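Subject: Structure for you to look at

Hi,

Here is the structure I promised to pass on. Have a look at it first, and then read on for what turned up.

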Amino acid sequence: PAFETKNHGFAHQEAAWALLRSDRTPSNTLVVTGTGSGKTECFLYPVLDHCARVRPDQPRGVKALVIYPMNALANDQARRFAETIATTPAFAGLRVGLYVGGKTDTSPVMTPTSVITDRDVLRQAPPDVLLTNYKMLDYLLVRPKDRGLWAGNAPDTLRYVVVDELHTFD
């Protein structure tokens, strides 16, 4: 994968990367480790690597869905996605969208520090990776006006569903 040539991780990250690589058969994976130990990188690089690799064959559609328990965490992680894409040439052109409740500044494009937040843009041109929370995901799956987000998806397009902070869900 493109990320392995640039980044070397901790043992738990490299083990997760090996399990989550989609150029092999990715495995269901649960990462349990302390706060601040780099759990995000366990899924961030494999997800972006997958999107970059399949994009020529699947130019449209949500390829990865990342579910967060809170908007604040989703917003923070959106910056990490944007920064990683901006600083990794192999990920150039990937699009990440943030769809959460509450008031957010709307951005129709990716920048080095932010992802797409304009809902109309996300509906018309679905991102490769969609960051959301469980409440908004419920709306995204049933509201007619949000059907455009899923219109480009074939049965095998969505390959990754990440639930961050799983212990907070009940």
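This is a predicted model: local features need pLDDT of at least 70, side-chain atom pairs count only at pLDDT 80 or more; totals for chains, interfaces and linings use all residues.

Helix α3 lies across β1, β3 and β4, and runs at about 160 degrees to β4. Then there is α4, which packs on the sheet and touches β1, β2 and β3, its direction making about 165 degrees with that of β3.

The sheet itself is open, with 4 strands in the order β2-β3-β1-β4 and parallel pairing. That leaves β2 and β4 as the edge strands, each pairing on one side only. From one strand to the next, the twist averages 15 degrees. Between β1 and β3 there are 5 bridges in the parallel sense; Ala64, for instance, has Val129 in β3 as its bridge partner.

Back to α3, residues 39-54. At 1.5 Å a residue its 16 residues should span 22 Å, and the end C-alpha atoms are 24 Å apart, so the two agree. Of those 16 residues, 13 are buried, so to speak mostly covered.

Now the inside. The largest nonpolar core has 28 residues, and Leu48, Val66, Tyr68, Phe81, Val129 and Leu131 are those with the most contacts within it. The largest share, 7 residues, comes from α3. Leu48 touches Phe81, Thr84, Ile85, Phe91, Leu94 and Val129, leaving aside residues up to four places away in sequence. There is also a second, separate core of 12 residues, with Leu65, Ile67, Leu137 and Leu149 among them.

Cheers

Methods
Residues are numbered from 1 along each chain as its sequence is written. Side-chain values use heavy atoms; hydrogens and water are left out. Helices (H or I, at least four residues) and strands (E, at least two) are DSSP runs, numbered from the N terminus. The expected span of a helix is 1.5 Å times one less than its number of residues. Buried means under 20% relative accessible area, exposed over 50%, partly exposed in between (1.4 Å probe, protein chains only). A nonpolar core is a set of buried Ala, Val, Leu, Ile, Met, Phe, Trp, Tyr and Cys residues joined through side-chain atoms within 4.5 Å. Contact means heavy atoms within 4.5 Å. Two strands pair if DSSP finds at least two bridges between them. Axes are lines fitted to C-alpha atoms, for helices over the stretch in contact, and angles run from 0 to 180 degrees between N-to-C directions.
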